[in-house]
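Here is a walk through a predicted model. Keep the structure open beside the text and follow strand by strand.

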Amino acid sequence: MQKFHNMIPPKYGDPVPLICLKCHKHFIGPNPSGLRLFDDLFKKVKRAKCPECGSYRVVRNPWVYF
């Protein structure tokens, strides 16, 4: 069993594995979840967009652990 006590989760906008909910394509893109309170003010992060179908309905891949 792995220990995750020193794990730091990815921040909003960091590159993470994503999956499109429309066409189910796996790709790497900006993290769509996380604290956006100060990240929206100081850096501009584009929303994750599927390169295959162009949909914005993407989520982090639930099968990839950090």
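**The sheet and what surrounds it**

Start with the sheet. It is open, has 3 strands and runs in the order β2-β1-β3, with antiparallel pairing. The edge strands are β2 and β3, and each of them pairs on one side only. β3 spans residues 58–60. From one strand to the next, the twist averages 50 degrees. Remember that this is a predicted model.

Now take the two pairings in turn. β1 and β2 are antiparallel and share 5 bridges. P15 has a bridge partner in β2, namely P30. L18 has R60 as its bridge partner in β3.

How much of β1 is covered? Mostly: 5 of its 6 residues are buried. The largest nonpolar core has 7 residues: V16, L18, C20, F27, A48, C50 and V58. Strand β1, residues 15–20, gives the largest share of this core, with 3 residues. As a general point, nonpolar side chains tend to be buried together in soluble globular proteins.

Leaving out residues up to four places away in sequence, A48 touches L18, P30, S55, Y56 and V58. Two of these names, L18 and V58, are also core members.

Next, the turn. β1 and β2 form a hairpin, with 5 residues between the two strands. H24 sits in the loop between β1 and β2, the latter being residues 26–30. Its phi is near 65 degrees, a positive value in a residue other than glycine. Is H24 buried or exposed? H24 is exposed, because its relative accessible area of 54% is over the 50% cut-off.

The cysteines deserve a check. How many disulfides does a search of the whole structure find? The count is 0. A disulfide is a covalent bond between the sulfur atoms of two cysteines. C20 is in no disulfide, and the nearest cysteine sulfur, that of C53, is 3.7 Å away. The cut-off here is 2.5 Å. Both C20 and C50 belong to the core described above. C20 is buried, with a relative accessible area of 0%. C50 is buried too, at 3%.

Move on to the loop between α1 and β3. α1 covers residues 39–42, and E52 lies in this loop. E52 is exposed, with a relative accessible area of 57%. Which residues does E52 touch, not counting those up to four places away in sequence? They are C23 and K25. E52 and K25 are 27 residues apart along the chain, yet their C-alpha atoms are separated by 7.2 Å.

The loop between β2 and α1 holds N31. Is N31 buried or exposed? N31 is buried, because its relative accessible area of 1% is under the 20% cut-off. Its contacts, again without residues up to four places away in sequence, are P10, K11, Y12, G13, D14, V16 and R60. One of them, V16, is a member of the core. Another, R60, is the bridge partner of L18.

Finish with the segment after β3, where N61 lies. N61 is buried, with a relative accessible area of 12%. Which side chain does N61 join through a polar contact? The partner is H26, at 3.2 Å. Not counting residues up to four places away in sequence, N61 touches P17, L18, I19 and H26.

L18 is in the largest nonpolar core. L18 bridges to R60 in β3. L18 is among the residues that A48 touches, and N61 touches L18 as well.

Technical notes: Residues are numbered from 1 along each chain as its sequence is written. This is a predicted model: local features need pLDDT of at least 70, side-chain atom pairs count only at pLDDT 80 or more; totals for chains, interfaces and linings use all residues. Side-chain values use heavy atoms; hydrogens and water are left out. A nonpolar core is a set of buried Ala, Val, Leu, Ile, Met, Phe, Trp, Tyr and Cys residues joined through side-chain atoms within 4.5 Å. Buried means under 20% relative accessible area, exposed over 50%, partly exposed in between (1.4 Å probe, protein chains only). Helices (H or I, at least four residues) and strands (E, at least two) are DSSP runs, numbered from the N terminus. Contact means heavy atoms within 4.5 Å. Two strands pair if DSSP finds at least two bridges between them. Axes are lines fitted to C-alpha atoms, for helices over the stretch in contact, and angles run from 0 to 180 degrees between N-to-C directions. A polar contact is a pair of N or O atoms within 3.5 Å; within protein, one must be able to donate a hydrogen and the other to accept it, and residues adjacent in sequence count only if both atoms are side-chain atoms.
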